[in-house]
Amino acid sequence: MILPRQHRTPMQSSRGFTLMEMMIAMLLVGMALTIAFAALRFASRSWERTDTLVSGLDQWRVATSVVRRQLSQMQAIRADESSRKLLFFGSPEQLEFIAPAPAQGGRLAALYRYRLRFVNEEGEKVLRLDYRPYFPGEDSAGTAEVATSVLVSGLLEGRFDYMAPPQSSGEPQWQGAWNTPERLPTMVRMELQVQGPIASWPPLVVMLPVTGGAK
Amino acid sequence: MSSPQSSLAAQHGYSLLEVLVAFAILALAVATILSLFATGLRNTAVAADYARALTMAESQLATLLAKEATQLEMGVTEGSEEGLHWQSQVEPYEEPASVVQPTPLYRIDVRVDWGEGERQRSVALSTLRLGKMP
């Protein structure tokens with residue numbers, strides 16, 4: 001005779017799992033956990049890599065667009081009336097020029113002195129942009145407050161080169177420093193090597209709008 | 001009204017087969033989601049390649065535009081740098097017949113290719129510039 005269930009003792013009715021069932025269940029749980037952890041690790045790693053790639057890309061875009069826009073609008077202005085020297089200074093680590101800045105945030109559209117320089121800061125090389133308003137006739141030190149910002153950080157290498165206007169004697173070559181202050185180069189080249197996934201960028205070449213003569 | 005007997009009988013767990021099917025579905029879903037991450041990373045890398053190629057093309061264009069008109073060479077020049085292949089072409093611009101041109105115009109095309117086979121991508125820029133005065 002089969003007893004109705006409710007009359008069984010609790011011990012009899014709860015049969016428990018067999019060893020096989022337990023092992024299969026644990027195996028399944030283990031597989032699920034392994035998959036979940038691997039998935040999480042993969043997701044966080046690819047998220048991180050995408051993030052560094054995008055931030056490197058953004059930094060490069062902003063830096064090149066600023067450098068290209070300002071350099072291609074630069075103006076050849078004489079340091080003073082008596083000399084023929086232009087306010088343009090170029091060395092491998094530093095580049096100074098005068099260009100108009102767009103009106104923005106309460107700032108008037110005016111001529112600015114720009115200085116791009118590679119400097120070592122806290123153990124890493126950065127490309128820094130300094131700028132201040134230009135007042136005709138002021139001395140090179142100037143009086144206006146200098147605004148500054150870092151364009152590219154985490155640099156391995158960085159340099160400027162200058163292309164002279166064509167001479168009668170052969171093709172002009174890139175040169176590391178600009179030593180003829182009475183003239184302007186036709187092009188400026190900026191080479192950067194950055195830490196990170198996109199280590200090497202093609203050199204940025206900017207054509208200067210004025211060749212030679214000063215205003 | 002449910003008796004204790006019927007409620008107990010109705011309470012059967014999942015069979016092993018059901019659990020395995022559920023697992024398979026879960027694994028498929030997880031794989032799909034993860035492949036989205038991989039696609040995102042790959043697309044970002046492609047965007048970075050485009051940015052590099054564009055920089056190279058703009059630099060090549062600037063080099064050709066900055067040249068003296070007398071030193072502008074007709075024809076195709078090409079080269080490879082950093083996994084990118086560039087090709088620039090300078091040719092006289094065929095103007096519409098009705099336009100009178102006092103100075104010759106030149107058309108400059110710069111094209112940067114990279115990748116192989118179906119993954120080949122390219123960036124092309126074109127512009128016009130004035131040539132030498134007659």
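The report below takes the aromatic pairs and then the interface.

## Basis of the model

This is a predicted model, in which local features need pLDDT of at least 70 and side-chain atom pairs count only at pLDDT 80 or more, while totals for chains, interfaces and linings use all residues. Residues are numbered from 1 along each chain as its sequence is written, chains are lettered from A and ligands numbered from 1 in the order in which they are written, and side-chain values use heavy atoms, with hydrogens and water left out.

## Aromatic pairs in chain A

Rings of Phe, Tyr and Trp (its six-membered ring) are paired if their centres lie within 6.5 Å, and planes under 30 degrees apart count as stacked, over 60 as edge-to-face and the rest as tilted. Over all chains, the count by this rule is 9 aromatic pairs. One of them joins A:F88 and A:Y162 edge-to-face, with 6.2 Å from centre to centre and 90° between the planes. This pair links distant parts of the chain, since A:F88 lies in the loop between α2 (19–72) and β1 (89–90) of chain A and A:Y162 in strand β5 (residues 147–163), 74 residues apart; helices (H or I, at least four residues) and strands (E, at least two) are DSSP runs, numbered from the N terminus. A:F88 is buried, at 2% relative accessible area, and A:Y162 is buried as well, at 0%, where buried means under 20%, exposed over 50% and partly exposed in between (1.4 Å probe, protein chains only).

The rings of A:F97 and A:Y114 are stacked, because their planes stand at 20° with the centres 5.6 Å apart. Here too distant parts of the chain are linked, with A:F97 in strand β2 (residues 94–101) and A:Y114 in strand β3 (residues 110–121), 17 residues apart. A:F97 has a relative accessible area of 2% and A:Y114 one of 6%.

## Interface of chains A and B

Counting heavy atoms within 4.5 Å as contact, 32 residues of chain B touch 31 residues of chain A. The buried area (accessible area, 1.4 Å probe, lost by two parts on being put together, summed over both) is about 2,800 Å², of which carbon and sulfur atoms give 74%. B:F23, B:F37 and B:L41 supply 19% of the area that chain B buries against chain A, more than any other three residues.

Between the chains there is 1 salt bridge, a side-chain nitrogen of Lys or Arg within 4 Å of a carboxyl oxygen of Asp or Glu. A:R68 forms a salt bridge with B:E58, whose closest N and O atoms are 3.0 Å apart.
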